[in-house]
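Here's a quick tour of a protein model for anyone just starting out with structures. Have a look at the sequence and the 3D view, then read on.

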Amino acid sequence: MFTLIARTIRLTLLFACAAAFVAACSGSDSDAGGATSSTTVGPAFTKLPPTGAATTCGPDSGATREAGMLTIATDSPAYEPWFNDNDPANGKGFEGAVARSVASKLGYSPDKTKFVSIAFDEALQPGDKPFDFDINQFTILDTRRAAVDFSSPYYAVAQSIVAMADNPAAKVEALSELGAFKLGAQRGSTSLAAIVETLQPTTPALEFATNDEAKAALQEGTIDALVVDIPTGFEIAASQIPGSVLVGQFPRPNEVTEFFGLVLQKGSRLTACVSAAVDSLFQDGTLDKLAKEWLADTAGAKVLE
């Protein structure tokens with residue numbers, strides 16, 4: 001499933017052109033951020049040049065905020081299945097493993113990599129960033145490109161609905177039925193956008209600063225159902241909120257609805273090389289392997305038409 005989705009990503013989205021990568025990885029001062037809006041389709045890069053990362057993005061490149069050190073950000077707490085034991089630096093969990101793999105492709109060993117905590121919506125604001133890239137289930141959206149750069153996508157995902165088993169929302173069979181319930185999601189997320197634009201509830205959706213607050217509202221009955229990406233939905237129902245159930249997932253036209261990318265500062269010198277690293281991880285099968293290892297198979301989740 002993931003391999004098919006990953007291939008579809010390259011055939012349907014617009015990403016960095018090879019020429020932009022060559023310019024960025026030859027020491028050019030041109031805006032690498034422009035690489036994220038090229039009209040080139042198909043895989044933007046097939047591999048990192050043997051010396052390209054070391055000379056322009058590696059520890060000796062001077063391209064990172066801190067000399068010789070790659071600074072990666074994510075939210076706190078860092079939840080499973082994206083991270084493991086709330087420790088982004090251990091290389092476990094899907095995004096923890098992806099972050100470590102990208103760092104390795106760029107030439108940064110674990111002792112040359114550090115993590116900082118940045119709130120989800122803060123990372124998407126314009127301006128200087130206290131990180132080199134942020135990994136936190138950021139959906140690639142054109143409306144966000146004015147403020148930040150995105151890497152090539154590393155995962156495709158659908159939205160899902162979680163409810164308490166004793167709530168009538170747990171019994172719905174179609175998306176149209178959800179409009180009558182009190183729904184909630186994290187502020188600034190595409191989960192919230194899915195509620196507003198797709199479900200169009202009669203009662204305005206409740207916005208929460210964090211998923212922790214949203215989950216507490218679900219448990220307390222402040223909301224009838226919570227919208228989250230489907231791997232998070234599986235994790236909530238399986239181990240985070242006793243008595244909750246994964247009601248179902250949104251349909252995925254062409255098997256793809258959303259695409260997660262790494263966030264970088266607008267115009268970052270690292271954007272092209274980070275995209276190249278992600279593309280390389282796709283080409284060599286690493287992303288597929290990591291998805292199978294850390295993320296639940298979504299095929300068993302009911303599709304709410």
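In which kind of crossing, left-handed or right-handed, does H4 pass H9? H4 goes past H9 in a right-handed crossing. Bear in mind that this is a predicted model. Overall, the protein's secondary structure comes to ten helices and ten strands.

**The big picture**

- The protein has 305 residues, and buried ones make up 56% of them.
- Take the contacts with a separation of 6 or more: 74% of them are between residues 24 or more positions apart.

**Where H4 meets H9**

- Helix H4 covers residues 94–106 and helix H9 covers residues 271–283.
- These two helices pack at an angle of about 115°, and their axes are 9 Å apart. That makes H4 roughly perpendicular to H9.
- On the H4 side, the residues that do the meeting are Val98, Ser101, Val102, Lys105 and Leu106.
- Their partners in H9 are Cys273, Val274, Ala277, Val278, Ser280 and Leu281.
- Sorted by class, the contact of H4 with H9 has eight nonpolar, two polar and one charged residues.
- Here's a handy bit of background: an α-helix has 3.6 residues a turn, so residues three or four places apart point the same way.

**Cysteines**

- Cys273, one of the H9 residues that meet H4, is buried, at 0% relative accessibility.
- Cys57 is buried too, with a relative accessible area of 0%.
- A disulfide is a covalent bond between the sulfur atoms of two cysteines. How many disulfides does the structure hold? The count is zero.

**Ala170 in its loop**

- You'll find Ala170 in the loop between strand S5 (159–164) and strand S6 (183–186).
- Leaving out residues up to four places away in sequence, Ala170 touches Ala163, Met164, Ala165, Val245 and Val247.
- Ala170 and Ala225 are 55 residues apart in sequence, yet their C-alpha atoms are 8.0 Å apart in space.

**The buried side of the story for H8**

- Helix H8 spans residues 230–240, and its buried residues are Ile230, Pro231, Thr232, Gly233, Glu235 and Ile236.
- What do the buried residues of H8 pack against? Their partners are strand S4 (148–157), S5, helix H7 (211–220), strand S8 (225–229) and strand S9 (244–249).

Definitions and conventions. Residues are numbered from 1 along each chain as its sequence is written. This is a predicted model: local features need pLDDT of at least 70, side-chain atom pairs count only at pLDDT 80 or more; totals for chains, interfaces and linings use all residues. Side-chain values use heavy atoms; hydrogens and water are left out. Axes are lines fitted to C-alpha atoms, for helices over the stretch in contact, and angles run from 0 to 180 degrees between N-to-C directions. Helices (H or I, at least four residues) and strands (E, at least two) are DSSP runs, numbered from the N terminus. Angles under 35 degrees count as roughly parallel, over 145 as roughly antiparallel, 65 to 115 as roughly perpendicular and the rest as oblique. A crossing is left-handed if the near helix is turned anticlockwise from the far one by less than a right angle, and right-handed if clockwise. Contact means heavy atoms within 4.5 Å. Ala, Val, Leu, Ile, Met, Phe, Trp, Tyr, Cys and Pro count as nonpolar, Asp, Glu, Lys and Arg as charged, and the others, Gly among them, as polar. A disulfide is a pair of cysteine sulfur atoms within 2.5 Å. Buried means under 20% relative accessible area, exposed over 50%, partly exposed in between (1.4 Å probe, protein chains only).
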